[in-house]
Amino acid sequence: MNVKKMTNYTNNAKAQEFWKTLYLCAKENPTRRFHVLYDKIYRPDILWEAWKRVKSKKGSGGVDGQTIENIVLDYGETKFMNELYLELKDKCYHPSPVLRTYIPKDGGKKRPLGIPTIKDRVAQMATKMVIEPIFEADFHDCSFGFRPKRNAHQAMGKIRKASKKCFWVVDVDIQGYFDNINQTKLMKLLEQRISDRRVLKLIRKWLESGIMEEGNVRNPITGTPQGGVISPLLANIYLNTMDKLWKKRFEHLGELVRYADDFVIMCRTKQQALESIQVIQSIMGKLDLSINRDKSRLVNLWNDIDGFDFLGFHNRKFPIRRKGGNTLFVMSHIPKKNAMKKMRSKIKAYTEPRNKLYLDISELVKGLNKKLQGFKNYYLLSTHAKIWLNRIDWYVLERLTLFYNKKRNSRKKHRNLTNVRKEIEHILVKLAS
């Protein structure tokens, strides 16, 4: 089929019905294996939807240097999609090595990130869209990361609810999770649900496509390339083994809350927490994974002395005074120190450049608001968070006052602070309100 026709799909009614059917069939029969899936991957409506999703996320190009902008403006979307359609249909599609880059982490370290080519991203997205409903039927309620209609705030809500009865937390960090997934065991887990050898072969190609770093290609025998569109789904499939075992045999020890490879276990007693640690170590051993002992912790939540970091939040029980003089400790989520530091750096980087002095302050604020609104949407989860967010609000005013002073060559900081507040009061996004 000519992929030019894909532009005629104004909605995804057929695709939605297909996904719903797959999910319901998988849910009804937990042991069913699905075949004849490969031709759905290059089905025009699904392939076009995959392209739209990849295009919307933007991102840089891979080892071939082809970018989304280049495809849209020069190469041509129709030509690009026709080529991918025919490669998949004729079974002559071969992925390129993943371009390895590094992004900063806490403590000055760097995290490896893989950048597949645009073509590989679209193919992975189409494959993900086809197989995801099948595995979604198997996933458990304790898992929140990279799943449809699930997010970090829901995970925090489960922690908050569990904290009413739980006073010990096992905070677990898996050592180099994405780099250490056993590919053979992962493929066996996929085979439990998928019998279409063409789909399995396609996924294996991505696992074995190699990593290009500093001009050299290497082929690791473990792991899934971080940054790949399909990698989060594969990672969830692999750790679903732990979720399943925990729910079936160890749920009495505590509440498991997982977001991708980050997870905590909320326990009522210290003894349950210690047992949970042994169980997790055993499960990790079966999955050929190991716990990062430096980052994993056992935390006592009885009062506000200690807390734990999870998904960018610092989670701790804060005291609330009640009538009669009683003190009640309630779980709250505040931005962790590193998140506050990063936000200040972003604000400074945006407001500091002298080449922005030609802007009116109201124009500068409109651009800054996009960053502030995103931070507010994520971190304004509790009343206690407002105290920390208010510090960012004051920092924003300081930076805007510096901008105002530079623009006017003025040094009257305190007087100009009042002027700035009056000028931007009605347009500036305030985090704490």
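A residue counts as buried when its relative accessible area is under 20%, as exposed when it is over 50%, and as partly exposed in between, using a 1.4 Å probe and protein chains only. Keep that in mind as we walk through this predicted model, in which local features need pLDDT of at least 70, side-chain atom pairs count only at pLDDT 80 or more, and totals for chains, interfaces and linings use all residues. Residues are numbered from 1 along each chain as its sequence is written, and side-chain values use heavy atoms, with hydrogens and water left out.

Let's start with the whole chain. Of its 433 residues, 50% are buried, and the C-alpha trace spans about 70 × 60 × 45 Å along its principal axes. The chain holds 16 helices and eleven strands; these are DSSP runs numbered from the N terminus, with helices (H or I) of at least four residues and strands (E) of at least two.

Now look at helix 6 (residues 118-136) and helix 10 (residues 197-207). Two packed helices are described by the angle between their axes and the distance between the axes. Here the axes come within 12 Å and cross at roughly 135°. The axes are lines fitted to C-alpha atoms over the stretch in contact, and angles run from 0 to 180 degrees between N-to-C directions. Helix 6 is therefore oblique to helix 10, since angles under 35 degrees count as roughly parallel, over 145 as roughly antiparallel, 65 to 115 as roughly perpendicular and the rest as oblique.

Which residues meet where helix 6 touches helix 10? From helix 6 come Asp120, Ala123, Gln124, Thr127 and Ile131, and they meet Val199, Leu202, Ile203 and Trp206 of helix 10. Contact here means heavy atoms within 4.5 Å.

Let's zoom in on one of these residues, glutamine 124 in helix 6. Is glutamine 124 buried or exposed? Its relative accessible area is 4%, so glutamine 124 is buried. Apart from neighbours within four places in sequence, glutamine 124 touches Pro116, Trp206, Gly228, Val229 and Ile230. A polar atom of the glutamine 124 side chain also lies 3.1 Å from the backbone nitrogen of isoleucine 230.

For a contrasting setting, turn to lysine 188 in helix 9 (residues 183-191). With 53% relative accessibility, lysine 188 counts as exposed. The C-alpha atoms of lysine 188 and leucine 200 are 9.9 Å apart, and twelve residues separate the two along the chain.

Key:
Polar contact = N/O pair within 3.5 Å; in protein donor to acceptor, adjacent residues only side chain to side chain.
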